[in-house]
Structures are given as C-alpha cells and as structure tokens.
Number of protein chains: 6
Amino acid sequence: MTFTHLDAAGHARMVDVTEKSPTVRSATASGMVHCSPAVLDALRDGSVPKGDAFAVARIAGIAGAKKCAELLPLAHVIGVHGATVDLALETDGVRVTATVRTADRTGVEMEAFTAVTVAALALVDMVKGLDKHTWIGEVRLEEKTGGKSGPWRRAER
Amino acid sequence: MTFTHLDAAGHARMVDVTEKSPTVRSATASGMVHCSPAVLDALRDGSVPKGDAFAVARIAGIAGAKKCAELLPLAHVIGVHGATVDLALETDGVRVTATVRTADRTGVEMEAFTAVTVAALALVDMVKGLDKHTWIGEVRLEEKTGGKSGPWRRAER
Amino acid sequence: MTFTHLDAAGHARMVDVTEKSPTVRSATASGMVHCSPAVLDALRDGSVPKGDAFAVARIAGIAGAKKCAELLPLAHVIGVHGATVDLALETDGVRVTATVRTADRTGVEMEAFTAVTVAALALVDMVKGLDKHTWIGEVRLEEKTGGKSGPWRRAER
Amino acid sequence: MTFTHLDAAGHARMVDVTEKSPTVRSATASGMVHCSPAVLDALRDGSVPKGDAFAVARIAGIAGAKKCAELLPLAHVIGVHGATVDLALETDGVRVTATVRTADRTGVEMEAFTAVTVAALALVDMVKGLDKHTWIGEVRLEEKTGGKSGPWRRAER
Amino acid sequence: MTFTHLDAAGHARMVDVTEKSPTVRSATASGMVHCSPAVLDALRDGSVPKGDAFAVARIAGIAGAKKCAELLPLAHVIGVHGATVDLALETDGVRVTATVRTADRTGVEMEAFTAVTVAALALVDMVKGLDKHTWIGEVRLEEKTGGKSGPWRRAER
Amino acid sequence: MTFTHLDAAGHARMVDVTEKSPTVRSATASGMVHCSPAVLDALRDGSVPKGDAFAVARIAGIAGAKKCAELLPLAHVIGVHGATVDLALETDGVRVTATVRTADRTGVEMEAFTAVTVAALALVDMVKGLDKHTWIGEVRLEEKTGGKSGPWRRAER
C-alpha cells in the first residue's frame, strides 16, 4: 500500500490527479447531531421553528460541500456538480445525510464528509441557546461510486 | 427561555449583539477521529509520517476557526484573537482539542467547534487512503468562559 | 465636498477610519425582485415551495452581508454584529429588506446593500427555471443611524 | 414544467448536472446605477476621477463573477473561462453590462447577473460619499447561448 | 527572546492577543516588480494601457490586505481600517509600496506585506503575456508604528 | 504581439479561454526568503522548531495555489489537480519551490507564483518575531509545460 499524500521526504503535497479521467463520481456520508429531549421537543413542536432550523442546516451543508478545497489543505479544486443534504428526526437527535456528485478527475468523499459536518455545525449553532450539550457523532462515509476503484460501501460492524 | 435566533415570523436572523461588551471570552471543544488499528499503527510507526499528518490537521483546524462566520450562516463576524489545536493519539483514534479566544462582543463556542471539526476532517483526508472507515465522533463543547453568562463546563454523564 | 475614496493622484484607496469611534450603527436597504404572474403564482401556491425559496434567499442575504468587504475592493473589514433579511410578496414581485448592525468604526450601508442584492440574486436563481425574465430593481438605501453624521433617511421623490 | 431546484420533500438541493456535456456557453446581463446630476457631473468632469471609479467597478464585477458559487447556495462550482464588464455613462446613470463564458457543464446566467450586481454595488460604494440616494435598477438577463436549450434572448416589452 | 508562535511541544498555534489593547497601528512594506525594457516601454508608452494595469494591481493589493488572515494560517482576524497601495515606474521595474492601518489588538505588518505581494502578483499577471521573465524582489517591511513595542524602521544596510 | 488582457477601450477583462483544450499543464516557480544568521541558526538548531515552521509554510503555499483566482482579478477559475511546495535551507535563507499541475484550459504559471509567494509570506510570519528584517526576493517562473505554446524554461542571465 502506498500512501500518496506524502512526498519522498514525508512532507504534505497535493496528489497529482491530472492523469485521472473526468467521470461521474458520487459519495454519500452521514452523521448524527445528538440532542437532549428538550431540544428534540422544541424541534418536534416547532417552538424552534423546525423548517428554518433545518433550512439553515441544509443550505449550510450544501454550501459547505463547495468549501471543501478551501478547508482541507490537500484537497483538489474540482467541479461540484450536484449536492443534497437530508435531515431526519430520530429518537435521540437529527440524522444528517449528504450526497455529492461530480464529473471531474477525483472522488468527492471529502466533499460529502464536509457537507455533513457543516450542516451538523449549523444545527448545533441553531440550538445551542437551548442546550450547550448538543453534540455531533458518527460522521462517516457510507458509500462511493465511480472512479477507477469502483463502488465501495461501508462494512457493517 | 427565549430562542433568539428567530424573528417574529420564525425566520432565521443574525442575533443583534451590538449592545454586548467586548470582553475576553474563550471556548474549548473536543472530538475524536476513530481509526482502525492499521491506521493507528501507521500513525504510531511514522509510515504515515506523523508530524505532517498532524501538522496538516492542526493548521487546518486553526484556519477553520477563522472560517466559522463563513460556514455558519447566522454566526457573527468577530475578531479571532487566539487559537490552539491539540492532537493526541489514544487507543482507538486521535483526540482533537481546540481552544479559541477573543476580546469581542460574543462567544466563540462555534469557532472552537469548527476548529475541532475541520482538524478532524483534515485528518480523515490524510488517512482515507489507508482506511475509508475512519470516522469522526464525540464532537462537543467542553467549556467556555467570559461573557455575561460566565463560565460553563460540560456536565459529566 | 471632499471625495475621500481617492488619493492625491486619483487612485483608489481604502479610506482610513482608525480615528473613528466604535459606536452602534445600523443601515437598512431594500430592493424588488420583479416576477411574472406565473412565478408569483408558483410562489403563492407553493408549487415553488415558498418556505424554502424564501429560506434560501434570506440565508444567502445574511451571509452576503458578511461578504461585503470581500466583494467591494475598498470596503473595510469590520464586525457584523446583527443582520436581518425580510421578504414580502407584493403584486408584481418580492420585496427584500435588510438591516445590518455593527458596533464598529464605520457604517454598514454597503453591508445592507449587499445583503439585499445577494438575497435578490438567490431568489432569481431559485425561479429562473420558471422564467428567465425575472429581474431586480429599486435597490436603494432606506436609512442609516449612528456615526458622527447621525441619522439619515431617504427623501421621498 | 418541473422545478428542478427542489427535492421530493420540497427542500433545497443543488441540481445534478453530471450528465450534462461540457460545451461553450455564455450569458450577458445588464443593469443600471441611477445617479443624481451631481454624481453624473463628477463622473463626467473627473472630479470623481472617472477611470478609477470605473476601474474599481469593472474589476469588482469580474471578481464577482468568480464568487457566484460562494454567494448563491445552490449554484454549481464550475470553471469561469472568460468575463467582461462594460460601463457606459448615460443621461441618468451608468449602464453596466457583463458577459461571462465557460466551457463547463452548466450555464453562466447567474455568474453574469452576479458580475453586474457586484460592479453596481462597487460603483455605489465609490459615489455614496457624494449622494446616498444612488440606486441600482433594471438588473436582468439579456441573452444566453450554448447548452441543450440553445440561444435565448430577452423579449422586448 | 521567546518565540511566541509555538506551543510547549513545538506545534503551531495562533498567539493569544486578547490582552493587548486596541490602539492605532500602521505598517508599510514595499517590493519591486522587475521588468524587461520591453515591458517597461509598454508600461511607459501605454501600449499596456498603464492606468488599468496599475489599477488592477492597486485594487488587488488592497483586497489582498483583507485576505491576510485567510492566507496565513496563524494570522489573527482583525479589523482592516485603512489601506493604500502605491505604484511607481523606476528604471528597471515597478516599485510597490503599501501602508495598512488598524485600530485593533495586533500589528498589521503581515497585512502590508500581503498587500505588496498580491499587487506584485497581479502586475506579473498583467504583463506575463509580454515577458515571462518578469520577477518579484525586495519585498520587505519598511516601518511600523503603534502597539506596545512602538515605532520601528528598517535599518539601512 | 497582442496583449490579450485588455479590451478595445483599454479596460481590464478576463481573457476568453473557452476554445482552448483541457490538456495537462504544469508550472514551476521559485523564490527566496532571506534570513539573518540568527534566524537561520534558529531554523537550523530547531529553536524555531523547523518541522512546523516549514509545515506551516508548505501548507500555506499549497492552499495559496488554490486561492489564485480569488487574489488575481483576471485569473480564471480552473481545476488545481496537483501541487507541491518544497523548502530548502541555504546559506542566506530558505529557498521555496512550487510546482502546480492541472488538466484544464489554461496554464498554471500564476498558481505556481502564488504558491511560492504565500509560502514565503507564511515563513516571514513565522520568524518575524525573531527578526523584522526578513525579506522575500527572486520570486520568478522557472518553467512551464503543456498548452499550445509548449515547454518554456527561464533563460540563464
């Protein structure tokens, strides 16, 4: 196994992907914003007007996908050609799922990861006035398609 | 309890903090990048040259603190007057801890949260070539000081 | 009258405001997104799901206020300490009104102007699939408060 | 007519354009900065040194075209492969016209719109010291070429 | 002498300046864009229309001062309250001089350095079609004022 | 020789490259951060812990390459598909060399120039506490490959 993010002397570099082909690629990541019952009630009752808290998070997540190359020093500048962020209320928090698509030279795993994370941060920002214990967990890659390595899906554990 | 992020009609707005005083405020957040034994070995043996993977994450995290107002739609533009990001190898991953300080009109909880999250994303980006199952968990606010509400510390659970 | 944005030789420069005092200042701007009856119907019926089109515009506008110093070469980097964007359906379009507040050394007229404009652009982006003739008009400063020059209000014409 | 910016549940998403072809596309937008006679005189006499006020606006507009995906939450990150901003003194203000070109997977209407708008904002910023009543109007798409839908031109009204 | 940019373990951190006072501070830096006789002639004759090449560089430099905290990982986010960029034709190139001013908690040496550098890069970009050998040299801090350490001026050598 | 960055009336514009082909292109630039013996000793002895000062500069330089289109008003938004920044201690300073690669429609000379410059600025920022006389010189294009004009290499002088 070669670890392509490091040059001969062990220094960080941006991996050269000029020889890779522009093909359709996608990646899906997910994460969880863990909320107290009080926050969940507020989200459920609309005393934290649900639509907008969710709209802020969703829009921040999509914009976050586009910020990936700015946030991660070694990420490539590539086209972001599609992005969705979905939010779902569960029993102990809000599940965030993001899918990013591109027709460019490298995968969009980190773009999907970033979309989930920024959406989750935005949600924390919306409810931190209700409970500062709100936290983010289980942020992980779910699956990817496209590219030379083909489809990949997270193993159940 | 009033939820100050929403206007009369339930729409998102940036809370007015012009009447708050510029005082010294700090916030500490932490999180965990969960790694497989193979990734931890690589980090420990230096076959993923430790210094740099950690340098990339640390620097990305500090820069991330400064991106908070750009990532979170309702966050204020404030001065960022100090920031540290610490990384520690633990038995099942890398613990990320960030402290942000300001002498401005509002708290820096979200800046600390963002620093942890972006450092964690950068670390995932560094090792995803070794294991795509690397994930981020337990991102939470640890403590804050300053401001009218005074010091706060996460409750043990 | 001296025109402070230009140096001795007529070249652009950022006016020095270091001697101005940090006091509370606000500015309100407004504008109009002119829509065809079909677009207005869609907005009214919810076949362009109203909440979200408006949420996107509102959030883009608030984020836009924070981008002012990046968009306008001679604008100062100042704190943005409060921002609201309101949208109202009128008979021939959507009225956008933004108020920005700061406790910093210079006024926020351009921040309010930018918030209105970016919210309007976002709205155009949301409905351009329905009608490419949607246009933006009447973007103007309504009033400002604070600073040495004191309150100002647009003259009726 | 399907409104492609919204998912099944009415939530904002970035439309997937991965299946569209990278072809040459262009868009032209225009707008008007309405100025008082005093401002127009200053622009005409060079007491607001014409070249530079116009240079600031022109350069801000070109840079603005490149900021489109950052300002509009649902806009795609695409290549910006050509941009011009033209300014013309008319009897009651300054006409701003911008053309943006790309060889990418989606149209550049919003990039042209953004270029016009940011150039106009920059012009307002340059002359607001002379007259705070300066306003922006008639910002609209003039024409577009390229893409599957082919050429489009604004209807006279 | 203590080197404040590094924590106990030798890792990068953003120095805490919360205890420093907001006072008026300024810094001036300069640099040289070395041009071939052909490029200088073009600048002098206006066959590279002088005004605009210089306008682009000047405006890019001012905007560059505002990008300092984004470009330099450990730079603080502070107010930028005044900025000028001057350009002068000399016998073997163009001298760039920038002064930045703030009324904030830390000095603006790096903001002045960044303004000079970005203006110089923009000038290279403008003339690289005429001569790819154009180069940048002698970028240095000239003087600073304000802050606890008081005025400083470059020693003649 | 035509100077393509200016339109008929001598105004700045972004050159249209839509007709150019996406091919692999690279550019290498270099520069020198001139340090006093005291700074060099600190770098050599590790009293400015070498790894990190260099890590900050290297990472800032790579991130800087991606900021090129944002810093230079007339630069195109293109893919950045590979980037390295190398630093070497020499007798009177630190040599910075950057190579940027793309598979897009225009060359990356300015991206390489920007990477060198931002890495150099970051290094100055790291050591300015030791010596404010640290300066940047000899920033120049070394070579480029790809594109219609083919390979180019700096002439010895």
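Copies of the chain were superposed by least squares on the C-alpha atoms of residues with pLDDT of at least 70 in both. The model is predicted. Two copies of a chain are related by a rotation about an axis and a shift along it.

Chains E and F were compared in this way. A rotation of 180° brings chain E onto chain F, with 0.0 Å of shift along the axis and an RMSD of 0.0 Å. This is therefore the relation of a two-fold axis. The same surface serves both copies, as 100% of the contact residues of chain E recur in chain F. Within chain E, the residue that comes closest to the rotation axis is E:Gly137, whose C-alpha lies at 2.0 Å.

Confidence was examined for chain A. The average pLDDT of chain A is 88, and 89% of the residues score at least 70. Residues 1-6 of chain A fall below 50. Where pLDDT is low, the predicted coordinates should not be read in detail.

Helix packing between chains was considered next. Two packed helices are described by the angle between their axes and the distance between the axes. In chains E and F, the axes of the two H4 helices (residues 109-127 in each chain) come within 11 Å and cross at roughly 165°. Angles over 145 degrees count as roughly antiparallel, so H4(E) is roughly antiparallel to H4(F). The crossing of H4(E) and H4(F) is right-handed. H4(E) contributes E:Met110, E:Phe113, E:Thr114, E:Thr117, E:Leu121, E:Val124 and E:Asp125 to the contact. H4(F) contributes F:Met110, F:Phe113, F:Thr114, F:Thr117, F:Leu121, F:Val124 and F:Asp125. By class, the residues of this contact are eight nonpolar, four polar and two charged.

The pair in chains A and B was described likewise. Helix H4 (residues 109-127) of chain A packs against helix H4 (residues 109-127) of chain B at about 165°, with the axes 11 Å apart. H4(A) is thus roughly antiparallel to H4(B). These two helices cross in a right-handed sense. Among the residues that meet are A:Met110, A:Phe113 and A:Leu121 of H4(A), and B:Met110, B:Phe113 and B:Leu121 of H4(B). The contact of H4(A) with H4(B) holds eight nonpolar, four polar and two charged residues.

Chains C and D supply a further pair. The axes of H4(C) and H4(D), each spanning residues 109-127, come within 11 Å and cross at roughly 165°. That angle makes H4(C) roughly antiparallel to H4(D). H4(C) passes H4(D) in a right-handed crossing. The residues in contact include C:Thr114, C:Thr117 and C:Asp125 of H4(C), together with D:Thr114, D:Thr117 and D:Asp125 of H4(D). This contact has eight nonpolar, four polar and two charged residues.

Most residues other than glycine have a negative phi, and most peptide bonds are trans. C:Glu138 has a positive phi of about 50° although it is not a glycine. C:Glu138 is found in strand E4 (residues 135-145) of chain C. The phi of F:Glu138 is also positive, near 55°. F:Glu138 is placed in strand E4 (residues 135-145) of chain F.

Notes:
Residues are numbered from 1 along each chain as its sequence is written. Chains are lettered from A and ligands numbered from 1 in the order in which they are written. This is a predicted model: local features need pLDDT of at least 70, side-chain atom pairs count only at pLDDT 80 or more; totals for chains, interfaces and linings use all residues. Side-chain values use heavy atoms; hydrogens and water are left out. Contact means heavy atoms within 4.5 Å. pLDDT is the predictor's confidence in each residue, from 0 to 100. Axes are lines fitted to C-alpha atoms, for helices over the stretch in contact, and angles run from 0 to 180 degrees between N-to-C directions. Helices (H or I, at least four residues) and strands (E, at least two) are DSSP runs, numbered from the N terminus. Angles under 35 degrees count as roughly parallel, over 145 as roughly antiparallel, 65 to 115 as roughly perpendicular and the rest as oblique. A crossing is left-handed if the near helix is turned anticlockwise from the far one by less than a right angle, and right-handed if clockwise. Ala, Val, Leu, Ile, Met, Phe, Trp, Tyr, Cys and Pro count as nonpolar, Asp, Glu, Lys and Arg as charged, and the others, Gly among them, as polar.
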